[in-house]
Amino acid sequence: MAILPIITVPDPLLKKISKPVDNVDDKLRAFLDDMLETMYAAPGVGLAAVQVGRLARILVIDTAPDDEDPNPMFFINPDIFWTSDDFAVYNEGCLSIPEQYADIERPAECKVRYLDYNGKKQELHAKELLATCIQHEMDHLEGVVFIDYLSKIKRTMYVKKVKKYVKDND
Ligand SMILES: [Zn+2]
């Protein structure tokens, strides 16, 4: 396994649309393992493949609380086919926008279809933090990051702060 470098805003790759995965084999699973290790090391609760420079429709997520066992989830070619009418607000962060947070409103629940680590079709009804996390990570596959929901002034300020953070931590 290996820890992969995470790209940050304003990297133009983060604006690109990711492509579906053709087949789930050992080579892909090695990449999934690397993504998971990278996410845990960051540390973070979700990571999309584009954030480590690969435009593939893949997410890894683990929203288990710190005092519980890890619960790694792999979503390949995920598709949200239902969202609830009620909304929830979470103070979101992103490994590609280090140290910056904002309250973002999204549907409180969602249902998602995807392929798992073994390439098996799965369906999940997600609630609470997991529902928010899936929607946040799915946005990455469409070239969207959470600061895109903010005003242009705020967005520019966040990008400036990230540039400074990256420079200071180089
Ligand atoms: Zn993110």
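Start with asparagine 77, which is buried because 20 other C-beta atoms lie within 10 Å of its own. The cut-offs behind that word go like this: a residue is buried with 20 or more other C-beta atoms within 10 Å of its own, exposed with 12 or fewer, and partly exposed in between, the C-beta atoms being placed from the backbone. Asparagine 77 lies in strand β3, and its phi is near 50°, a positive value in a residue other than glycine. Most residues other than glycine have a negative phi.

A quick word on ground rules. Residues are numbered from 1 along each chain as its sequence is written. This is a predicted model, where local features need pLDDT of at least 70, side-chain atom pairs count only at pLDDT 80 or more, and totals for chains, interfaces and linings use all residues.

Now step back to the whole protein. Its secondary structure comes to three helices and seven strands; helices (H or I, at least four residues) and strands (E, at least two) are DSSP runs, numbered from the N terminus. Along the sequence the pattern reads α-β-β-β-β-β-β-β-α-α. The radius of gyration is 15 Å, close to the 15 Å that the globule rule gives for 170 residues, so the protein is as compact as a globular protein of that length. That radius is taken over C-alpha atoms, and the rule is 2.2 Å times the number of residues to the power 0.38. The C-alpha trace spans about 45 × 40 × 35 Å along its principal axes, and buried residues make up 32% of the 170 residues.

How are the strands arranged? Five of them form an open sheet in the order β1-β2-β3-β6-β7, with antiparallel pairing; two strands pair if DSSP finds at least two bridges between them. β1 and β7 are the edge strands, each pairing on one side only. On average, neighbouring strands of this sheet are turned by 40° against each other, direction ignored. Two helices pack on the sheet. α1 touches β1, β2 and β3, and its direction makes about 45° with that of β2. α2 touches β1, β2, β3, β6 and β7, and its direction makes about 20° with that of β1. For these angles, axes are lines fitted to C-alpha atoms (for helices over the stretch in contact), and the angles run from 0 to 180 degrees between N-to-C directions.

Follow β6 for a moment. With β3 (residues 73–83), β6 pairs in the antiparallel sense over five bridges. Isoleucine 76 has leucine 115 in β6 as its bridge partner, and aspartate 79 has arginine 113. Turning to β7, six bridges join that strand to β6, again running antiparallel, and here arginine 113 stands opposite glutamate 123. β6 and β7 form a hairpin with five residues between them, and glycine 119 in the turn has a positive phi of about 80°.

Tyrosine 117 sits in that loop, between β6 (110–115) and β7 (121–126). With 18 C-beta neighbours inside 10 Å, tyrosine 117 counts as partly exposed. Not counting residues up to four places away in sequence, tyrosine 117 touches Arg29, Leu32 and Phe74; a contact means that two C-beta atoms, placed from the backbone, lie within 7 Å.

What about the inside? The largest nonpolar core has 37 residues, and those with the most contacts inside it are Met35, Val60, Ile61, Phe75, Ile97, Ile134 and Val145. Such a core is a set of buried Ala, Val, Leu, Ile, Met, Phe, Trp, Tyr and Cys residues joined through C-beta atoms within 7 Å. α2 gives the most to this core, with six residues. Leaving aside its neighbours within four places in sequence, isoleucine 134 is in contact with Ile61, Cys110, Val112 and Ala126.

Glutamate 128 is found in helix α2 and has a positive phi near 50°; with 12 C-beta neighbours inside 10 Å, glutamate 128 counts as exposed. Most peptide bonds are trans. Valine 9 and proline 10, however, are joined by a cis peptide bond with omega about 5°, and proline 10 is found in the segment before α1. The bond from alanine 42 to proline 43 is cis as well, with omega near -10°, and proline 43 is found in the loop between α1 and β1.
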